[in-house]
Amino acid sequence: MRLTAVTSTPTSTVTEFEAEARSHARTLFAVALRLTRDPHDAEDLVQDALVRGLAAWDRFAKGTNCRAWLVRILTNRFISGYRRNATARRYVCHEEAACAVREQLAAADDGDAVAVTAYPLCDQVVAALGDLPPDFRRVVTLCDVQGLSYREAARRIGCPVGTVMSRLHRARRALERSLEPLARERGILRRVA
């Protein structure tokens, strides 16, 4: 194990760190392998933890448990990477779903549904709109996206104003439920303790 210092770390510090970390290399690899379940990913995780450990070596309290300190760094790096990858996977899933919904809406004969693709809506909102039944999606598109009044929407759809209001209420509740995680993530909706 030979670390090459990325920063301008003094050679004596690198040598001291290597001497201490070398004895824990097997333990670090075993922990990393248990976390990642892949030898190549485990090697990368160990290397990343060692680089982080070297960068923070001046903050390590000499005489304490170096193995536990390095394992903690390794575990924290794994958790950070897992969260970052989970966020990326979630974003890709939302983006793919939104693209599919936009294509479905663009292919629909309903001119009001096509209007959804003309507005700058977040992919998660477009996907949630796509999950609504067509009658609900149409009133949301007319009233909330295009800004028509209930009376104008009723005239366009060809139904009573009360029907528009009822569909809009139910559609908004369905959107609230499906978009609640996004609202919490963006700080729009706070958790109730």
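In this predicted model, Leu74 touches Leu28, Val31, Ala32, Leu35, Leu45, Val46 and Ala49, when residues up to four places away in sequence are not counted. Leu74 is also listed, together with Phe17, Leu28, Ala32, Val46, Leu50 and Leu70, among the residues with the most contacts inside the largest nonpolar core, which has 19 residues.

| Element | Residues |
|---|---|
| helix 1 | 11-22 |
| helix 2 | 25-36 |
| helix 3 | 39-55 |
| helix 4 | 66-107 |

Of these elements, helix 3 provides the largest share of the core, with 6 residues.

Next comes the pair of helices. Helix 6, residues 123-131, packs against helix 9, residues 161-185, at an angle of about 155°, and their axes lie 10 Å apart. Because angles over 145 degrees count as roughly antiparallel, helix 6 is described as roughly antiparallel to helix 9. The crossing in which helix 6 passes helix 9 is right-handed.

Which residues meet where helix 6 and helix 9 come into contact? From helix 6 they are Gln124, Val125, Ala128 and Leu129, and from helix 9 they are Leu175, Ser178, Leu179 and Leu182. Sorted by class, this contact of helix 6 with helix 9 has 6 nonpolar residues and 2 polar residues, while no charged residues take part.

How values were computed:
Residues numbered from 1 in each chain as written. Predicted model: local features only at pLDDT ≥ 70, side-chain atom pairs only at ≥ 80, totals over all residues. Heavy atoms only, no water. Core = buried A, V, L, I, M, F, W, Y, C linked by side-chain atoms within 4.5 Å. Buried < 20%, exposed > 50% of the residue type's maximum accessible area, 1.4 Å probe, protein only. Helix = DSSP H or I, 4+ residues; strand = E, 2+ residues; numbered from the N terminus. Contact = heavy atoms within 4.5 Å. Axes fitted to C-alpha atoms, helices over the stretch in contact; angles between N-to-C directions. Parallel < 35°, antiparallel > 145°, perpendicular 65-115°, else oblique. Left-handed = near helix turned anticlockwise from the far one by under 90°. Nonpolar A, V, L, I, M, F, W, Y, C, P; charged D, E, K, R; others polar.
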